[in-house]
Amino acid sequence: MASREQESKRLALVARNLAATRLLYRVSMVARVESEEDIAFWQHAFSHARPDLKVKYLPSDSGCGTDARQRGKTVCMRYAPYLNRYFVICVDSDFDRFTRPGVLTADKHIYQTYTYSFENHHCWSESLQDGWEALSVCSFDFKVFLKRLSGILYPVLIEMLTTKAAKKKAWSLTELCGVVLSAQVNRAGALDNNGEALLNEIADKVSTWSGCQVHPTVEACKKMKQTAAEAGMTAETAYLFMQGHCVFDLVERIGRTLCNRKHDFLYEVLMPNLEHCASAEMNSVWADIKRLQ
């Protein structure tokens, strides 16, 4: 097994080589992203903020050696000490803005989503509702639904973040997502009144799950609420900071059910919504990119 020093030298060499490949690709810079799925989001972000830049995107599992056997944010972050204007990384924020503030910054040539992951941007409620109304299917209000969903998730996410910030192993996000997605979207009447019955089911399931967890102190949660508010997470916007796949999948299932095969909600509303997203978080993504020299 390579020593830490040997691994550091290897990563530095790979980083230099990747930066140099910009000449081969005839681009302004090379950006390593978490996976192939992330490329479309970062292409949109860079082309909107800096249309003058040409960027080559490399998924984290497209490397060689040890990189070829692993993927994701972990691989991208290994290169953090070796980045420069020609070789950058683009990653999901996950919970780092709450539990490890300052780790992901554009000053370090690290670009982040500012939401939990790129999928959350597809679910931005303002433009999502506009796209939905354009289909003229029914009067379901995604803004109301996602605001109410946020109110359910917010206190749980605060306790989860507080626990994680204390480096304690509890409050599994994967489990919470499973609880949310176990709710029956197709149940008769579930989506009436902007999904009131569905939201009640989710609230009951989340409450039951939360009751089985070890709860942090009220004072610790109070501090996390302040940190969360500074990052833009409130009881009305928590859906942007929940695991992206969870929110995306839930919204897609709701839209698909409402469309009842008359429209393809995924490709007519949800996927195109990224082009119309102008949330504070997306503006932060653009602001980071605009500062590139």
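Author: In what follows, Ala, Val, Leu, Ile, Met, Phe, Trp, Tyr, Cys and Pro count as nonpolar, Asp, Glu, Lys and Arg as charged, and the others, Gly among them, as polar. The model is predicted, so local features need pLDDT of at least 70 and side-chain atom pairs pLDDT 80 or more, while totals for chains, interfaces and linings use all residues. Residues are numbered from 1 along each chain as its sequence is written, and side-chain values use heavy atoms, without hydrogens and water.

Reader: How do the residues lining the largest pocket divide into nonpolar, polar and charged?

Author: A pocket is an open set of points on a 1 Å grid over the protein atoms alone, where a 1.4 Å probe fits, with protein on both sides within 12 Å along at least five of seven lines; lining residues have an atom within 4 Å of a point. The largest pocket has 14 such residues, and Glu34, Asp92, Ser117, Glu119 and His245 lie nearest its centre. The lining divides into 2 nonpolar, 5 polar and 7 charged.

Reader: In what order do the 4 strands of the open sheet stand?

Author: Strands (E, at least two residues) and helices (H or I, at least four) are DSSP runs numbered from the N terminus, and two strands pair if DSSP finds at least two bridges between them. S2 (55-59) and S4 (110-112) each have a single partner strand, so they stand at the edges. The pairing is parallel, and the order is S2-S1-S3-S4.

Reader: Is H7 roughly parallel or roughly antiparallel to H9?

Author: Angles under 35 degrees count as roughly parallel, over 145 as roughly antiparallel, 65 to 115 as roughly perpendicular and the rest as oblique. The axes of H7 (residues 142-165) and H9 (residues 192-210) come within 9 Å and cross at roughly 10 degrees. Therefore H7 and H9 are roughly parallel.

Reader: How do the residues of the contact of H8 with H11 divide?

Author: The axes of H8 (residues 173-181) and H11 (residues 244-259) come within 10 Å and cross at roughly 10 degrees. Cys177, Val180 and Leu181 in H8 meet Cys246, Asp249, Leu250 and Arg253 in H11. The contact divides into 5 nonpolar, no polar and 2 charged.

Reader: What is the phi of Asp94, roughly?

Author: Asp94 is placed in the loop between S3 and helix H4 (96-99). Although Asp94 is not a glycine, its phi is positive, at about 50 degrees.

Methods. Axes are lines fitted to C-alpha atoms, for helices over the stretch in contact, and angles run from 0 to 180 degrees between N-to-C directions. Contact means heavy atoms within 4.5 Å.
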